[in-house]
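Biologist: I would like to learn how to read a model like this one. Please take me through it feature by feature.

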Amino acid sequence: MSEAAAVLTPSTGWVLLAVFGVLWVALGMYWGRKAKDLEGFMLAGRNVGLALGTATAMATWVTSNTVMLAPKFALQMGIWGMLAYSTASFGLFLFAPMAQRIRRLMPRGFTSGDFIRLRYGRPAWAVFLIISFVYSMAWLVSMGMAGGIVLEALSGIDYRFGMSVILLVCVVYTLFGGLYAVIGTDFIQSLVILAGIVIVGAVVLSRIDLAAIHGNLVAEQPALLAVAMPVALLSLFNNMFFGFGEVFHNNVWWSRAFAMNRGVAHKAFGLAGLLWFPIPVAAGFIGLCAGPLGINVPDPDMVGPLVAGKVLGGAGAVVVFVVVFCSLASSIDSLLAATSDLLTEDVYRKALRPKSSQAHLRRVSSWVIVGLGIATWALCMPRLGDLIQVLFLSGPLVASAIWPVVGGLYWRRAGGGAALAAMLAGSAAGLTAYFSLGWFTASLISAAVSAVVMGLGTATSRADFDWSALDESALEAAVETGAPAGSRGAATR
Amino acid sequence: MTALFPQGFLAVLVYGALTASGAGGVLLLLLLARDLKNRRIW
């Protein structure tokens, strides 16, 4: 979309960016004062309550992709498209009991990488870290790009400047406040996102009623209302498994499980799933209004902001602008913090400098956040590809980690060899499907192949894992006091 | 002829989603008030 077609003026866009940018940085720095040590910075003191825990899980999962791709799914795949996006919430529901178990098995754990290393050994750990890093960067880049594109479309701010400012704001407040800043700002961002979506939806419905939308779709685009739509149904299951893979493996969610108060984790993730489920429908249905309202949509990625801007005018564009900014910030900050934790804890501390002090690791973590911000910015600058490609290319990779994570948490017989083979075979099959069949099959096939490999490997395994081996702090204490290592039960693989 | 979702289904879906989203915001505020009262924010 050109600057001339923007609903807001660039100066309005800059004012909104400045107001919310300063607000997030100020709040982040204020809450960040509580982050006095490494554990405070990385895990917000491990005592986050239900309100902030629920809000941070929900807000992190509401990305700019939710706000922009849900209307696109509706525009292209109708009702099933919106529902397909909503199934991503199932990942949060299913992670709820897992979060509780993670909290119990690993009371002093830091990252999802810690779990894979202790549970399956180093080869599987290395593959897992690569998958996790590729996915996290794909997510970060897709959001950085989305931010620049939406800001340009809504206000005419040049893509490069808008994208750069959003990344800069997120890097600064995450850098100063760590997870305290991330979780605190997530709460306010949750409220803004929910209010904005309800306001836009209500105003759109006040301008055109559902009978008119339905009647127009029946006459002009009946496929969008079709009960049986094979591609949409495939995408529904694909999206669901992609969501499982994203949530189960990524340190964004594990770090929240570690950060929440012990009795809160399962409730917070369950509630977050409930709160998230209606959002793709509430935000997405305006995509169905494009045809009935006679709005020409040159770029499907932009259908949401386009309809909101046309129907609501400047005020609607301001609301969409703010909602998108909050959606972006709530996810980018979480990804910066969680990926930095993974690189600091798993790569730097565990693989390179095991004897680093807490203060040193705190500094390393800060530098990693800055480095991630710069890398994301550099990858966003060329503005390559379409949003859904960036996002879904990582789908088969993360879907291959679903069963290794689930098996590792619940099956004593699950072993490192099976987990490694499951991730490799699932990723290879899923990527092949992505390029030969289509994105809407990739995660599904990856998860299926990974399930077969993991299932066969576990069924034929003689391993009998001792869960206490996951409590690394107890293991380290035992080593320091000279207790026999075998008493903690070394991992059997 | 392909079966189509009726208008009522679309209405339930859309109005339900908007109502649930609004209720979600209220729920978060109530939870925050409870956590503030019990000093269990973080």
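Modeller: Start with rings: those of Phe, Tyr and Trp (its six-membered ring) pair if their centres lie within 6.5 Å; planes under 30 degrees apart count as stacked, over 60 as edge-to-face and the rest as tilted. This structure holds 25 aromatic pairs over all chains.
The model is predicted: local features need pLDDT of at least 70, side-chain atom pairs count only at pLDDT 80 or more, and totals for chains, interfaces and linings use all residues. Residues are numbered from 1 along each chain as its sequence is written, chains are lettered from A and ligands numbered from 1 in the order in which they are written, and side-chain values use heavy atoms, with hydrogens and water left out.

Biologist: How is the pair of Phe20(A) and Trp24(A) described?

Modeller: A pair of aromatic rings is described by the distance of the centres and the angle of the planes. Here the centres of Phe20(A) and Trp24(A) are 5.9 Å apart and the planes meet at 50°, so the pair is tilted. Both residues belong to helix α1 (residues 10-32) of chain A, 4 residues apart, about one turn of the helix. Helices are DSSP runs (H or I, at least four residues), as are strands (E, at least two), numbered from the N terminus.

Biologist: Are Phe20(A) and Trp24(A) buried or exposed?

Modeller: Buried means under 20% relative accessible area, exposed over 50%, partly exposed in between (1.4 Å probe, protein chains only). Phe20(A) has 17% relative accessibility, so Phe20(A) is buried. Trp24(A) is buried too, at 0%.

Biologist: Which kind of pair do Trp31(A) and Trp42(B) form?

Modeller: Edge-to-face, with 6.2 Å centre to centre and 80° between the planes. Trp31(A) lies in helix α1 of chain A and Trp42(B) in the segment after α1 (7-37) of chain B, so this pair joins two chains. Trp31(A) is buried at 18% relative accessibility.

Biologist: What does Tyr180(A) touch?

Modeller: Contact means heavy atoms within 4.5 Å. Neighbours within four places in sequence aside, the contacts of Tyr180(A) include Trp31(A), Lys34(A) and Trp42(B). Tyr180(A) sits in helix α8 (residues 159-207) of chain A. Its relative accessible area is 7%, so Tyr180(A) is buried.

Biologist: Where does a charge sit over a ring?

Modeller: The criterion is NZ of Lys or CZ of Arg within 6 Å of the ring centre and within 35 degrees of the ring normal. The charged end of Arg383(A) meets it over the ring of Tyr159(A), 4.7 Å from the centre. Arg117(A) lies over the face of Trp125(A), at 5.7 Å from the ring centre.

Biologist: Which residues of helix α9 of chain A are buried?

Modeller: In α9 (residues 210-220) they are Leu210(A), Ile213(A), His214(A) and Leu217(A). They fall within an arc of 95° seen down the axis, so they line one face of the helix. That arc is taken from the directions from the helix axis to the C-beta atoms. An α-helix has 3.6 residues a turn, so residues three or four places apart point the same way. On the other side of α9(A), Ala219(A) and Glu220(A) are exposed. The cover over the buried residues of α9(A) includes α8 of chain A together with α1 of chain B.

Biologist: How confident is the predictor?

Modeller: pLDDT is the predictor's confidence in each residue, from 0 to 100. Chain B averages 93, and 98% of the residues score at least 70. The model scores ipTM 0.95 and pTM 0.91.
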